[in-house]
Structures are given as C-alpha cells and as structure tokens.
Amino acid sequence: MIALEEKILKEGKVIGSDVLKVGGFLNQRIDVEFLMEMGKEIARLFEGEKITKIFTIESSGIAIAMAAAVYMKVPVVFAKKNKSANVGDDVYTSRVHSFTHGNTYDAVVSKEYLKSGDRILIVDDFLARGNALKGLIDMVNQAGAHLTGAAIAIEKGFQGGGDELRKKGLRVESLALIDSMNGGKIIFRH
Ligand code: G4P
C-alpha cells in the first residue's frame, strides 16, 4: 500500500537497525482516518473469503483489526496476554516469546469466541519473527476453525517470520513489507 509506505517514510523513526517506531499513527496516537483506509485495503484483499471473524492480540492489533472489521462486517476477537499460566478449561492458550520485549506470556482466548465453523482472518499491526502470529494460529487450530490467512500492517521481512509462514502455505498479506532498515534507510519489498 503506497500510502502506508509514504507515511512510514515521513513519520516513522528507525531505532538501531531493526525497530521501527510508528507511535504517531499506529501504536500510540491513532490516525483513525488512515487506519480506516488500511482496513478497507485488508477487506479488499480478502474479499470473497467468507470470513466470519477477525482474530488479533492485544493491544496494538485491536485498532487495525477493528478498521478491517468495519468493512468486512464481522466481529473482532482478541487474545489477551496473561502473565501467569493460571488459566481454566474454558480457554485456548498458546505460549508466546517476544524477542522485542524479551518476555514470554500466555496468549489466551475464551473457547466461546472461536468455533470450528469459523473462517478466521488474523490481523496484526507488526510482523517480525512471527511468534505472536504463530500463537494466534495455534489457537485457531485448537478451535478447529478454518484459517483464511493473515493481514499485517507492517512486516519486517528481514526478521523472517512472514516468509517462514508463507513457505508453510499460509496466505500472509502485508500492507507494507520492509526488507531492510540498515543505517536507518528503509527499503521496501514489492
Ligand atoms: P513477533 O511476534 O513477530 O515474533 O515479534 P516480537 O515478539 O519481536 O514483537 C513483539 C511486540 O513488538 C509486538 O507487540 C509487535 O507488534 C511489536 N513490534 C515488533 N517489532 C516492532 C517494531 O519494529 N516497531 C514497533 N512499533 N513494534 C514492533 P506487542 O508485544 O503485541 O505489543 P502491543 O501490541 O501491546 O503494543
């Protein structure tokens, strides 16, 4: 999505060679109008897939998931991050390690909200090594639901998570795919 690439170049800040700060429109201050455009694009990409639910993880995934859901006319379900493993029988859980934050948590979702008849689209703001995405996929599989694919706002291709999942046959669509940020210079893959 060219408009997103332009916005990243204009407003994003590269920290070191692998972290992109986009707090000005995606992660802290939300540019609602722009996120709605991103949501519209996600809905266009997955048109005809008969999606019944969008699945994401708190917290930053929720805004972009909601934007897509408005156009797809489906509900959003989000997994919660639970620091303790103290979870009951009525939930699906998956253990996720975050390299960016250097911590591990249990992603948790109530069984009530993911059903075997569902056709799920996973939506998230960032894709790096893919650990959060793998946790969400794990929970979709536990529910026996059908996974139609994943839509990501910004993928950092050089961290490998997206390509690993594509090789396994998952449809991963990223609105902006960054191949490199070496020296603070952002290079996109097309
Ligand atoms: P992974 O899931 O792809 O393996 O990535 P990783 O564990 O490294 O990322 C963990 C968190 O950091 C995620 O947010 C992810 O969205 C975010 N993140 C990763 N790389 C970047 C980056 O370059 N810039 C920004 N802004 N965020 C990045 P989270 O833990 O789910 O936090 P939040 O959604 O509560 O904000």
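Axes here are lines fitted to C-alpha atoms, for helices over the stretch in contact, and the angle between two axes runs from 0 to 180 degrees between N-to-C directions. In this predicted model, the axes of helix H3, residues 32-45, and helix H4, residues 61-72, come within 7 Å and cross at roughly 55 degrees. H3 and H4 are therefore oblique to each other, and their crossing is right-handed. On the H3 side the contact is made by Leu 35, Met 36, Met 38, Gly 39, Lys 40, Ile 42 and Ala 43, while H4 contributes Ala 63, Ile 64, Ala 67, Ala 68, Val 70, Tyr 71 and Met 72.

The largest pocket holds about 930 Å³ of space, and of the 34 residues that line it, Ser 98, Thr 100, His 101, Asp 125 and Phe 126 are the closest to its centre. Several elements each supply at least two residues of this lining, among them helix H2 (23-27), strand E5 (91-98) and helix H5 (131-143), but strand E7 gives the most, with 4 residues. The lining of the largest pocket divides into 13 nonpolar, 13 polar and 8 charged residues.

The second largest pocket has a volume of about 170 Å³, and the closest to its centre, of 13 lining residues, are Met 1, Glu 173, Ser 174, Leu 175 and Ala 176.

Terms used:
Residues are numbered from 1 along each chain as its sequence is written. This is a predicted model: local features need pLDDT of at least 70, side-chain atom pairs count only at pLDDT 80 or more; totals for chains, interfaces and linings use all residues. Side-chain values use heavy atoms; hydrogens and water are left out. Angles under 35 degrees count as roughly parallel, over 145 as roughly antiparallel, 65 to 115 as roughly perpendicular and the rest as oblique. A crossing is left-handed if the near helix is turned anticlockwise from the far one by less than a right angle, and right-handed if clockwise. Contact means heavy atoms within 4.5 Å. On a 1 Å grid over the protein atoms alone, a cavity is a set of points where a 1.4 Å probe fits but cannot get out, and a pocket is an open set with protein on both sides within 12 Å along at least five of seven lines; lining residues have an atom within 4 Å of a point. Grid points are joined across faces, edges and corners, and a volume is the space filled by probe spheres set on the points. Ala, Val, Leu, Ile, Met, Phe, Trp, Tyr, Cys and Pro count as nonpolar, Asp, Glu, Lys and Arg as charged, and the others, Gly among them, as polar.
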